[in-house]
Amino acid sequence: REGRSRYEIHELMGQFLHMKLAENGELLSDIHQAHCRYYSSMLNENESDILSGHVKEIIPDFENIYHAWRFAISNVDLKAIGRLREGLWALFDAQSWHHEGAAAFKLAINALETDKPQGEHGINYGRCMALYGYFLGQSGNLAAGYKMAHQGTLILRDLNATEEYILSASLMGPLATSQTQRLEARELIEDQLNDILNESSITRIGSVLVRYGELIYLIGNPEEAERILKEGGKQERARNRVRGLANINLQQGKVDRQRGRHELAREKLLKSLSEYEVLGYGQGVAWSLNGLGRNALDMNNLPEAGEYFMKALQTARNIDMAPILLDSLVGLAEVLYKAGKHDEAALIGFYVLDHKSLNPETRQNALKLIETLSLQMEVQSLAIIQTRATQSSMTQITSLAQNNLP
């Protein structure tokens with residue numbers, strides 16, 4: 001027995017029991033259905049706590065929850081899928097399990113795929129498509145993620161699924177990579193925002209407003225964004241409000257750095273770092289550290305830049321976030337370049353460009369570094385280094401960077 005409420009069955013015993021149950025197909029099916037009902041109900045009942053970040057208590061049950069999800073999908077159990085999907089999304093997001101989240105919701109949309117989305121089936125299909133798009137984008141494929149989230153949102157709009165629609169539309173902002181997409185996302189949110197603000201039956205309006213505020217800031221209206229965030233804070237749990245404000249500090253720090261206001265940038269980025277650390281949100285911690293590294297790099301403080309990038313890399317590795325990890329490596333390569341270690345910088349740059357999990361900004365920075373190096377190094381030398389990069393492991397590249405930092 002594990003703890004006060006948990007039992008452990010020996011693996012061989014479990015295999016034997018499953019084998020015996022398989023001899024009675026009807027009984028086995030009944031057990032699977034009962035298991036799915038129990039865990040879908042449990043996740044649904046704990047959804048608000050999970051959305052607020054309280055996931056430690058639910059993690060021990062994850063294997064059972066995911067088994068219930070797969071069973072619900074394989075049997076197209078619409079009620080169970082509906083009870084599981086929001087809590088499962090929040091659980092994956094809170095743990096930064098974005099690749100796993102994309103895989104889980106990809107299974108759902110494959111099973112639910114239809115040319116004519118209708119009723120409960122259509123709502124599950126559209127919402128799972130939007131959630132798949134979100135995780136796809138968070139895993140590094142922003143273009144495909146935005147497209148899927150947009151498509152799912154439009155399905156929900158056509159079905160008049162107001163709550164699912166507004167929640168899905170609010171996910172498009174973090175996936176937008178251009179001003180055109182941000183304006184499109186804003187239009188979709190505002191299409192029904194005023195109508196639902198006073199609708200008591202709609203839950204999680206605060207989280208919608210937090211994401212809406214972040215989007216308005218990125219569009220270029222910080223005053224309006226702050227007002228929206230405050231309104232969201234009145235209706236949202238403290239955790240989500242703090243995360244929204246942390247996101248704003250991260251974005252403001254980035255803008256201040258780009259405008260040469262490095263002290264202000266450092267102040268904002270340290271705030272976002274502190275807020276994310278309190279929340280235990282590893283992805284935000286890593287992005288804040290990378291921002292601080294770039295800010296220090298701009299100020300030619302190479303030791304500080306290297307320290308921040310290395311911390312970001314370690315954080316990204318702990319949460320298995322390849323896009324952030326690769327962004328940290330590019331930062332480390334730029335530090336090495338400024339320190340005069342061109343071979344090492346080129347090796348890391350080529351290694352990064354050989355990976356698919358790159359966000360557009362990271363790719364652009366890596367290409368810029370290689371172009372700069374190509375003007376200062378012989379073509380043959382770069383070709384040899386590029387070949388070495390394809391044969392190198394992440395461990396080797398990380399050790400190379402760490403051992404050569406100023």
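Predicted model: local features only at pLDDT ≥ 70, side-chain atom pairs only at ≥ 80, totals over all residues.
F62 and Y66 sit four residues apart in helix α4 (residues 62-74), which means that about one helical turn separates them. By the ring-centre rule, the count comes to 12 aromatic pairs. F62 and Y66 form one that is stacked, at 5.9 Å centre to centre with 20° between the planes. F92 and F135 form another, and here the arrangement is edge-to-face: the centres are 6.0 Å apart and the planes make an angle of 80°.

Here are these two pairs side by side.

| Pair | Centre to centre | Angle between planes | Arrangement |
|---|---|---|---|
| F62 and Y66 | 5.9 Å | 20° | stacked |
| F92 and F135 | 6.0 Å | 80° | edge-to-face |

Why are both the distance and the angle listed? A pair of aromatic rings is described by the distance of the centres and the angle of the planes.

What does the pair of F92 and F135 tie together? F92 belongs to helix α5 and F135 to helix α7, so this pair ties together parts that are 43 residues apart in sequence. F92 has a relative accessible area of 1%, so F92 is buried, the cut-off being under 20%. F135 counts as buried too, with 0% relative accessibility. Ring pairs also link residues into a cluster made of F62, Y66, W69, W89, F92, W97, F105, Y134 and F135.

The axes of α5 (residues 78-94) and α7 (residues 119-138) come within 10 Å and cross at roughly 15°. Angles under 35 degrees count as roughly parallel, so α5 is roughly parallel to α7. The crossing in which α5 passes α7 is left-handed. On the α5 side, the contact is made by L78, K79, I81, G82, R85, E86, W89, F92 and D93. On the α7 side, E120, H121, I123, N124, R127, C128, L131, Y134 and F135 take part. By type, the residues of this contact divide into nine nonpolar, three polar and six charged.

Helix α7 also packs with helix α8 (residues 142-158), at an angle of about 160° and with the axes 7 Å apart. Angles over 145 degrees count as roughly antiparallel, so α7 is roughly antiparallel to α8. This crossing, in which α7 passes α8, is left-handed. From α7, the residues G122, I123, Y125, G126, R127, M129, A130, Y132, G133, L136 and G137 meet a set in α8. That set consists of L142, A144, G145, M148, A149, Q151, G152, I155 and L156. Which types make up the contact of α7 with α8? Its residues divide into 12 nonpolar, seven polar and one charged.

Is T180 buried or exposed? T180 is found in helix α10 (residues 179-196). Its relative accessible area is 62%, so T180 is exposed, the cut-off being over 50%. T180 and I219 are 39 residues apart in sequence, and their C-alpha atoms are 9.5 Å apart in space.

Finally, some totals for the chain. The secondary structure comes to 21 helices and zero strands. The protein chain has 406 residues, of which 49% count as buried. Among contacts with a separation of 6 or more, residues 24 or more positions apart account for 66%.

Methods
Residues numbered from 1 in each chain as written. Heavy atoms only, no water. Axes fitted to C-alpha atoms, helices over the stretch in contact; angles between N-to-C directions. Helix = DSSP H or I, 4+ residues; strand = E, 2+ residues; numbered from the N terminus. Parallel < 35°, antiparallel > 145°, perpendicular 65-115°, else oblique. Left-handed = near helix turned anticlockwise from the far one by under 90°. Contact = heavy atoms within 4.5 Å. Nonpolar A, V, L, I, M, F, W, Y, C, P; charged D, E, K, R; others polar. Buried < 20%, exposed > 50% of the residue type's maximum accessible area, 1.4 Å probe, protein only. Phe/Tyr/Trp six-rings, centres within 6.5 Å; stacked < 30°, edge-to-face > 60°.
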